[in-house]
Each structure stands twice: as structure tokens, then as C-alpha cells.
Amino acid sequence: MFITNKHISRRAVLKGISATVALPLLEAMVPARALAQGAAATNRKLRFVALEMVHGSAGSTPIGIQKNLWAPASVGHSFDLSPSVLSPLEPFRDYLTVVSNTDVRNAEAFTAPEIGGDHFRSSAVFLTQSHPKQTQGSDLHAGVSIDQIFAKKYGQETPIPSMQLCIENVDQAGGCSYGYSCAYTDSISWASPSQPLPMIRDPRLVFDQLFGVGSTPAERKERRSEDRSILDWLGTSINRLKKDLGAADRARLNDYLDDVREIERRIQKVEAYNTSGEQRELPGAPIGVPDSFSEHVKLMFDLQALAFASDLTRVFAFKLGRDASNRAFPESGYKGAFHSASHHQEKEDKIVDFAKINKYHVSLVPYFLEKLKNTPDGEGGTLLDNSVVLYGSPMGDSNVHNHKRVPMFIAGHAGGALKGNVHVKAADGTPMANAMLTVANGLGLGLPSFGDSTGELDLNAAAPVATDRA
């Protein structure tokens, strides 16, 4: 820890035996001159989160479009979310950019042998907007994903360049189906066209990576067996730091450490249950993975919010589902299996049931947005002001495996690049890549193109920009 005249380095940490905890942004980390001049507001650190949910949306079907199950009826600012699965986002509409009527052509079959393989290549397209090479071998080829382009530019400014998380089991090896490697199905993050990045499913592993718990798996296992918090090892360091902080910084530090302890407690509770001998809904999952989908997602969101608050990383790719998964989500009000529900045969009652699952998935995102909104980010507003949270799917109408009118929304102001409170309906045939190109350049990446983009899509447009398709 480096302290000079009460000024603390942004990279200061609390350090103890086998544990290191980064600090949230404190007033003591910002020079008094910078505070007085508002310099922090002009030097904002931007964050990027990509959330993929597979199987498209009920709102991408002809019936779903008529009933506005995804895209609102009105474009611009005066849109009504009440019929839509996006209605849980209403409290955050000032941060919300709904993007409708875009396509992901590179997820379509280009050749006869690729027909039918949509579930097994789509995830590889989502953040790369590139067409994957059909192979079950090691000669993979897709594209570089937008999260990794961001990480290559800004990742060296943080201890962890990027992190990749998931909810479902995505560690299958070899070939999956229709001639595609499982690597295409299991990751949305690609460091190079031939290098998909592994995704972490276990919240405990995420926690340990963020907070440097133990240098070896054996040390981490031993520490967990003692049933103590990592903060118990940091008492001296915490008390020493507090002596040099003002009242506001002490309060902020206490809140942050309470969050760390609470997340750790929840992980310990999950691990205790999963090793108790009680029957599990997910018997093959790691012991740190909750059986509850919502509890798992919220734990991962909490860890991401902590990582942003402590500036450990500024980019996450979070895969919320796996193609062809038949997991059920009874909390949605529909008890049927996810994949089966997505093949609704274009029947209205089944499409409405599928929409219940879509709405349930979307309903978990406000939990994360609230965390970001309530976390100050220096003089530049809040974490949500300085973030992009991109949610979408590379599939449209999953019943017919098409990739048209794909679901997508963005939350956050990207440091002012996105105004929010807008529904942007793209012109027919517009690539989803156009919206992603706009996001990338709003984050300062300066890309001339991305995937199959044909130009940027104005994500602050308040006027209609498209006509309905036939």
C-alpha cells in the first residue's frame, strides 16, 4: 500500500496471508487538484459486459412481433414496454437502448452440410459476428470477439484483462453435432479467430481469482476448510488503512467489505449444502454452483459488480445458457424445458409460454443494473453511467432456427456515448454487427468495421428508421 500525504494509489490493496483484496475507488485515491478541476469526469474508465441468452426470443416470431413480445410498438422515446418481455427493465428505461430488427447472417448455414447446425455454431457468432468454420477438429476459425477487442485495448490497465463466465455446463470436449466442435457451442469469447476462451461456471473460482485466495488449489481448499472469511486474514491491514481515511471513505470501504463478506458467505452456504449429502438438482455441477438458476446468476452479477468497483477488470463475457439445453425455469411460471419450449410450432399459446421464459431471464438483469447504478465511479457518475451491458441472442425465431429480428438491448450510458430511453428499429436487413460496431466505437475502440457490418447504426435515433418486412 502506498500512501503519501493521505493520497492512496488506485492500485493499493489489502494484503494478508494467502489473500489479496483490491479496494473500491476512494476519495483519497483522487488528487485534490483533480477533484477541484473535475479531471476525473473527463478521464472516465469505461466497462463492457456482454450477456448471451441462447434460443432467440418469442418476440422474433410473426405472432410475437404482432403482440410486441420483444420490440415495443413505438420507436423513439415514447415506447411502451408493458406487453414486452422487457417490461422488468422499465425502472431503468433512462439507461435502456432497445435495438430491434437486426439480423445475424453469419450464424446462417452457408453450405448444404451446415444446414441444421444452427445451435452448434450460433454462440461463436454472437460476439464475433463472423461465420465459424465447420470442423470437429482443432482447426477452429471464427473471429475476434468484441469483448476481447476491448480487453486488448484497455485490459493492460487492470490486474485482470478480462473474465469469461457461464451458467451451464460448457466444458464438453471434441465434436458436438452437425460437424461442429463443441468449442463453438461452449464459448462466446474469442481471443483470436482460432482461440476460444474457457468460461468459468463456479462462483468460488471467480471469487478466488478476483481476490487472490491461495496460490495453489491445495492452499485454497485448506483455507475453505477452516470456514473463515478472507477478511479475517486482513484485519491488521484494514485497521491500518482506516486510520488514514476520512469519514466518507471509511463508510464506503465498510460497505464494500460488507459486500465481499456477504458474497463469500453465500458461496460458503452453497458449498455447505452441496456437500451435505442432500439430493441436488444439478448433481454433476461443481460444489460452488447453486442449483437455483437465479441464485447462480445473481452471485455472478455480484462478483462482476465487485470487480468493476475495485477496477480489477473492466470487461466480462457472461454466457447465460447453452444451446439445446432442456433446463426448466419454473420461476418463470412455465415448467416445461427450455429447448422444447423454443420449438413452439408457431402456436400462439406455446409462443406465450416461451415468452414467459424470456421474461424471466430478462428479469434478472435489473438486479445487476441496480448494483452498477448504486456504485459511485469517481466524479464521472456511477458504474452504470460508464458501462455498456449488452444483452442479446444470435438466434431469432428458434422454432425455425433463423437468425432474423434477433433480440438485443443495451443498458448503460457508455460514458455519455449512449443517451438511453430509446427504441431503435433498424432498416430491414441491417446486421446486428452494425449495432455492435457503434457500441465498440462508443467505447473508444475506433474500429472501421466489425464482422459483417455495413456501417454504424445510430443508437441515439429518436425517429423511425425502418419499414416493416413482409
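A: Helix 8 passes helix 9 in a right-handed crossing, a crossing being right-handed if the near helix is turned clockwise from the far one by less than a right angle, and left-handed if anticlockwise. This is a predicted model, in which local features need pLDDT of at least 70 and side-chain atom pairs count only at pLDDT 80 or more, while totals for chains, interfaces and linings use all residues. Residues are numbered from 1 along each chain as its sequence is written, and side-chain values use heavy atoms, leaving out hydrogens and water.

Helices here are DSSP runs of H or I with at least four residues, and strands are runs of E with at least two, numbered from the N terminus.

Now to the rings. There are 17 aromatic pairs, meaning Phe, Tyr or Trp rings (for Trp, the six-membered one) with centres within 6.5 Å; planes under 30 degrees apart are stacked, over 60 edge-to-face, the rest tilted. F293 and F329 are edge-to-face, because their planes meet at 75°, with the centres 4.8 Å apart. This pair links distant parts of the chain: F293 belongs to helix 10 (residues 293-309), and F329, 36 residues away, to the loop between strand 12 (315-319) and helix 11 (338-342). F293 is buried at 3% relative accessibility, and F329 is buried at 1% (buried means under 20% relative accessible area, exposed over 50%, partly exposed in between, with a 1.4 Å probe and protein chains only). F329 also makes an edge-to-face pair with F338, at 5.6 Å between centres and 80° between planes, and F338 is buried as well as F329. Together with F354 and Y360, the residues F293, F329 and F338 make up one aromatic cluster.

The charged end of K298 sits over the ring of Y367, 5.2 Å from its centre. R93 lies over the face of F79, 4.0 Å from the ring centre. Such a contact requires NZ of Lys or CZ of Arg within 6 Å of the ring centre and within 35 degrees of the ring normal.
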